[in-house]
Amino acid sequence: IEGDAPLVTPPRPLHRRVSVSLLFTLTVLIGTVVAIYMTFPTRNTVLMEEVTAAHRQAMPSWDLVAPTTGELRAWATAVVGKDPPLPKDVTGARDLEVLGHRAAMMRLVIDGEPITYLVQFTRVIAPAFSDTTDGELHAIAWRQGSFTCAAVGPKASAAGWTKAVQASVASK
């Protein structure tokens, strides 16, 4: 109102300004982290999805058919890098691209069951172990050195083939 003296209020206390700023910063930071984790799946999840889709293909085209151990090692080194963890008795192998990087996919047979195995050199930290079930298939993914490995096979015999694949890959 014209002619009235201005109303002077005391300044806001310093601790209240800091509290509001801290609360706002934490809200934005936590919201960003949650959004990233909800939007982008983990590497293990993507590899398990890829290997499951490849396992469902009736007759995939192979780059190598029934390769020897030496042929497989040379091919895999060219595809994913030096000294990748490889299983024994591979019936077919081909390369593919997952998350913008090359990966080596192989088919093997354990106890009469077809198993599809995938290995990729990983530049980032991936979870140590993951597993999932998709219908009649069970998929696992694990970290081994600089590589992330994934395998898929029948859910009914998962206990046997998961141990066999991991033991076969671990015993270079």
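Trainee: Where is Ala 66 found?
Mentor: Ala 66 is in the loop between strand 1 (64-65) and helix 3 (69-80). Helices (H or I, at least four residues) and strands (E, at least two) are DSSP runs, numbered from the N terminus. Mind that this is a predicted model, where local features need pLDDT of at least 70, side-chain atom pairs count only at pLDDT 80 or more, and totals for chains, interfaces and linings use all residues. Residues are numbered from 1 along each chain as its sequence is written, and side-chain values use heavy atoms, with hydrogens and water left out.

Trainee: And what is the phi of Ala 66?
Mentor: Ala 66 has a positive phi of about 50°, although it is not a glycine. Most residues other than glycine have a negative phi.

Trainee: Is Ala 66 buried or exposed?
Mentor: Exposed, with a relative accessible area of 53%. Buried means under 20% relative accessible area, exposed over 50%, and partly exposed in between (1.4 Å probe, protein chains only).

Trainee: Which other residue has a positive phi without being glycine?
Mentor: Asp 111, with phi near 55°. Asp 111 sits in the loop between strand 3 (101-110) and strand 4 (113-121), and it counts as exposed at 73% relative accessibility.

Trainee: Switching to the sheet: what is the order of the strands?
Mentor: The open sheet has seven strands in the order 1-2-3-4-7-6-5, with antiparallel pairing. Strand 1 and strand 5 (129-134) stand at the edges with a single partner strand each, so one side of each has no neighbour in the sheet. Two strands pair if DSSP finds at least two bridges between them.

Trainee: How many bridges join strand 5 to strand 6?
Mentor: Six, and strand 5 and strand 6 (residues 137-144) run antiparallel. Across that pair, Asp 131 stands opposite Ile 140 in strand 6.

Trainee: Zooming out, what pattern does the protein chain follow along the sequence?
Mentor: The pattern reads α-α-β-α-β-β-β-β-β-β-α. The protein chain is more spread out than a compact globule, because its radius of gyration is 26 Å, well over the 16 Å that the globule rule gives for 172 residues. That radius is taken over C-alpha atoms, and the rule is 2.2 Å times the number of residues to the power 0.38.

Trainee: What box do the C-alpha atoms fill?
Mentor: Roughly 95 × 35 × 30 Å, taken along the principal axes.

Trainee: Last one: how many of the residues count as buried?
Mentor: Of the 172 residues of the protein chain, 37%.
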